[in-house]
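Biologist: I'd like to go through this one with you, starting with the charged side chains and then the helix packing. Could you put it on the screen?

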Amino acid sequence: AKSRFSDIFTNRILLKRTVIMYWNWFTNAFIIYGFGLNWKELTGNLTINIVIGATLAILARFITMPIILKAGRKIPYIICLSGAGASFLIMLAFEKGVYPYNWPIVVFAMFGYFCIATTFGIIWIYASELYPTKTRNAAVGSCSFVARAGGVLATLVGQLAEIHFAIPSALFAFSALLSVLLTLLLPETGGKKLPDTIEECRLQSTGGIQHPHIVLDRKSKSY
């Protein structure tokens, strides 16, 4: 069947993937830009934390490719996103100004930032492999567009931190952990043939596409 961009909203399989991906892209952008724009408000420090955060972001980009080549897309993504959500939850247990240099907050903030920087690298690959060929570019582009909404809302994180320090961390944790639960509903795409059609997307969900050069439908057991 001929694929169109509108299929990502009208086809049940693609719609589910789109909703999940939209939330994940929003979450990744909201958290990573929320930190990037508000280090001082969130951790109590600025210059040193920006340098450390930038270093961690670069490191995350370098390790992303080896990880997804060895372990696939879904599991590393879920593990890193869970690590980010857990870090933000733990941050809620500490108050600013109690510890020297707010070190517990900084440590968990840095770990969470590293995790979310890694997932941001993974999600570009993962999202592109969830859609059929003729809608892939437009679908990933629309995901990126939704991420911009997260980036825009991230500018408000500093103001929320002024109301109460725990609000941004709570929002980050909620967004990340909800994304983890939603991602559990998606198929693994690593090491599998890219879907060319919606039907192949369905096979992808049921394990029908296994080898990059072989399309196998388990029901028919035929090549």
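**Salt bridges and helix packing**

Biologist: Which residue forms a salt bridge with D7?
Modeller: A salt bridge here is a side-chain nitrogen of Lys or Arg within 4 Å of a carboxyl oxygen of Asp or Glu. In this predicted model, the closest N and O atoms of D7 and its partner are 3.6 Å apart. That partner is R4.

Biologist: Good to know. What pLDDT do side-chain atom pairs need in order to count?
Modeller: Residues are numbered from 1 along each chain as its sequence is written, and side-chain values use heavy atoms, with hydrogens and water left out. Because this is a predicted model, totals for chains, interfaces and linings use all residues, local features need pLDDT of at least 70, and side-chain atom pairs count only at pLDDT 80 or more.

Biologist: Back to D7: is it buried or exposed?
Modeller: Buried means under 20% relative accessible area, exposed means over 50%, and partly exposed lies in between, using a 1.4 Å probe and protein chains only. D7 has a relative accessibility of 6%, so D7 counts as buried.

Biologist: How many salt bridges does the structure hold, and which residues are linked in a network of them?
Modeller: The structure holds five salt bridges. The network of salt bridges links K193, D196 and E200.

Biologist: How far apart are the closest N and O atoms of E200 and K193?
Modeller: E200 has a relative accessible area of 14%, so it is buried. K193 counts as buried too, at 16% relative accessibility. In the salt bridge between E200 and K193, the closest N and O atoms are separated by 3.0 Å.

Biologist: Which helix holds both R202 and E199?
Modeller: The side chains of R202 and E199 meet in a salt bridge, 2.5 Å from N to O. R202 is partly exposed at 25% relative accessibility, and E199 is partly exposed at 41%. The two are three residues apart, about one helical turn, in helix α10 (residues 198–206).

Biologist: How many helices and strands does the protein chain have?
Modeller: Helices (H or I, at least four residues) and strands (E, at least two) are DSSP runs, numbered from the N terminus. Along the sequence the pattern is α-α-α-α-α-α-α-α-α-α-β-β. That gives 10 helices and two strands.

Biologist: At what angle do helix α2 and helix α6 cross?
Modeller: Two packed helices are described by the angle between their axes and the distance between the axes. Axes are lines fitted to C-alpha atoms, for helices over the stretch in contact, and angles run from 0 to 180 degrees between N-to-C directions. The axes of α2 (residues 12–37) and α6 (residues 103–128) come within 10 Å, and they cross at roughly 145°.

Biologist: How many charged residues are in the contact of α2 with α6?
Modeller: Contact means heavy atoms within 4.5 Å; M21, W25 and F35 in α2 are among the residues meeting α6, whose side includes Y113, F120 and W124. Ala, Val, Leu, Ile, Met, Phe, Trp, Tyr, Cys and Pro count as nonpolar, Asp, Glu, Lys and Arg as charged, and the others, Gly among them, as polar. This contact has 16 nonpolar and four polar residues, and the number of charged residues is none.

Biologist: Is α4 roughly parallel or oblique to α6?
Modeller: Helix α4 (residues 47–71) and α6 pack at about 40°, with their axes 8 Å apart. Angles under 35 degrees count as roughly parallel, over 145 as roughly antiparallel, 65 to 115 as roughly perpendicular and the rest as oblique. Therefore α4 is oblique to α6.

Biologist: Is the crossing of α4 and α6 left-handed or right-handed?
Modeller: A crossing is left-handed if the near helix is turned anticlockwise from the far one by less than a right angle, and right-handed if clockwise. When α4 passes α6, the crossing is right-handed.

Biologist: How far apart in space are L59 and A117, C-alpha to C-alpha?
Modeller: L59 is located in helix α4 and counts as partly exposed at 42% relative accessibility. In sequence, L59 and A117 are 58 residues apart. In space, their C-alpha atoms are separated by 9.0 Å.
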